Every structure is written in C-alpha cells, then in structure tokens.
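The reader may wish to keep the sequence and the coordinates in view throughout.

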Amino acid sequence: MDKRLLDEDEVMQICFVTDDVDKSAQWFADLTGKPMPSLGKAASPEEAKAIYNGMPASVGCKIRMFKFGNIDVEFLEPGPEKSAWRDLLEQKGPGCHHIAFRTRNLTNRNAYLEGKGHKLLQRGEFDGSHGRYAYYDTVEKLGVMVELLEFDKDKEAQPSAG
C-alpha cells in the first residue's frame with residue numbers, strides 16, 4: 001500500500017459550498033476583480049455513475065469555477081438530493097467544502113485514505129467520463145473534506161473501480 005496521498009506537490013482546487021452559487025460567485029468576482037465564470041453543472045446521472053454512501057445515486061450541482069495561476073476556486077450549489085455537498089451545507093452552512101488534489105492512481109489513494117480511517121463518501125465520473133472524483137470524510141481532522149481528482153489522460157494502470 002502507498003504511504004502517501006500526493007502524486008504532485010500542489011493543491012489543485014479549493015471548493016466552497018453555498019445555497020446560491022450565483023450570489024456567492026458574484027461576491028467573489030467583485031472582491032477579486034476576476035470575471036464571473038460561466039455556469040457549469042454536474043454530469044448527467046448516466047454519465048456520472050455516482051456512488052453516495054456506498055449506493056448508486058443521482059446527485060446534481062451548479063458550479064462556478066475561478067481559475068487562478070496556481071489553484072482553482074470553486075463555488076458549488078448542491079441540488080436538493082442527498083449528497084456529500086448537501087450534507088456539509090446542511091450540517092455547517094455555507095463555507096469551505098473540500099480541498100482537492102490530483103492523483104494518477106485513485107485506487108491506491110483510496111486504499112491509503114480508507115486505511116487512515118477516512119471513509120469514501122461520494123465518487124463519480126466527470127468531464128465526459130474522462131475523469132473521476134472521490135470525496136473522503138476528513139472533516140473531523142481537517143474541517144473540510146479531501147477530494148481526489150483522477151484524469152484518464154495521465155492515470156496509472158490500475159484495477160477497475162467497479
């Protein structure tokens with residue numbers, strides 16, 4: 001088993017969950033002087049193949065992503081269904097949801113995080129099924145979740161996630 005979380009020495013993204021993505025992103029755009037990013041959304045349920053708390057799930061969200069030279073800052077408004085996004089918003093209110101790291105081997109990093117006691121809460125496909133995400137419960141230790149992002153274009157060979 002791997003003895004590390006990181007493949008690269010960088011944070012890829014920080015995400016804030018909100019009950020109004022447009023209002024929150026407009027505030028951030030005004031604060032930073034960055035242009036308002038276009039509105040994005042979660043992949044369709046057929047494409048996402050999401051798993052939430054170990055069960056197939058249909059989860060949705062609206063996203064506005066600010067690109068900086070060294071990190072992306074994401075604002076995310078969850079849909080009404082139960083999800084890792086909705087759970088944290090209901091438990092803590094608007095605020096930081098996760099910090100994301102890129103990985104080339106989600107299978108190994110999953111084993112590493114779960115071996116440290118951090119349960120996989122939600123996973124799914126994105127970007128036209130060319131990548132996948134996974135959220136881990138690190139809230140008690142970190143205050144936010146850890147997200148791993150794996151892109152097909154640079155992933156290591158590994159067993160299918162199933």
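Ser83 lies in the loop between strand 6 and helix 3 (84–92); here helices (H or I, at least four residues) and strands (E, at least two) are DSSP runs, numbered from the N terminus. The model is a predicted one, in which local features need pLDDT of at least 70, side-chain atom pairs count only at pLDDT 80 or more, and totals for chains, interfaces and linings use all residues. Residues are numbered from 1 along each chain as its sequence is written, and side-chain values use heavy atoms, with hydrogens and water left out.

Ser83 counts as buried because its relative accessibility is 0%; buried means under 20% relative accessible area, exposed over 50%, and partly exposed in between (1.4 Å probe, protein chains only). Apart from its neighbours within four places in sequence, Ser83 is in contact with Tyr52, Val59, Pro78 and Gln122, where contact means heavy atoms within 4.5 Å.

Strand 8 (120–126) is largely enclosed by the rest of the structure, because six of its seven residues are buried. Strand 3 (residues 51–52) runs antiparallel to strand 8 and is joined to it by two bridges, and DSSP must find at least two bridges between two strands for them to pair. In this pairing Ile51 stands opposite Arg123. Strand 8 also pairs with strand 9 in the antiparallel sense, over six bridges, with Leu120 opposite Tyr136.

The largest pocket has a volume of about 580 Å³. On a 1 Å grid over the protein atoms alone, a pocket is an open set of points, where a 1.4 Å probe fits, with protein on both sides within 12 Å along at least five of seven lines; lining residues have an atom within 4 Å of a point. Grid points are joined across faces, edges and corners, and the volume is the space filled by probe spheres set on the points. Of the 27 lining residues, Gln13, Ile63, Met65, Glu74 and Phe126 are the closest to the centre of the largest pocket. Strand 5 gives the largest share of the lining, four residues. The lining divides into 17 nonpolar, three polar and seven charged residues; Ala, Val, Leu, Ile, Met, Phe, Trp, Tyr, Cys and Pro count as nonpolar, Asp, Glu, Lys and Arg as charged, and the others, Gly among them, as polar.

The structure holds zero disulfides, a disulfide being a pair of cysteine sulfur atoms within 2.5 Å. For Cys15, the nearest cysteine sulfur is that of Cys96, 7.4 Å away. Cys15 counts as buried, at 0% relative accessibility, whereas Cys96 is partly exposed, at 25%.
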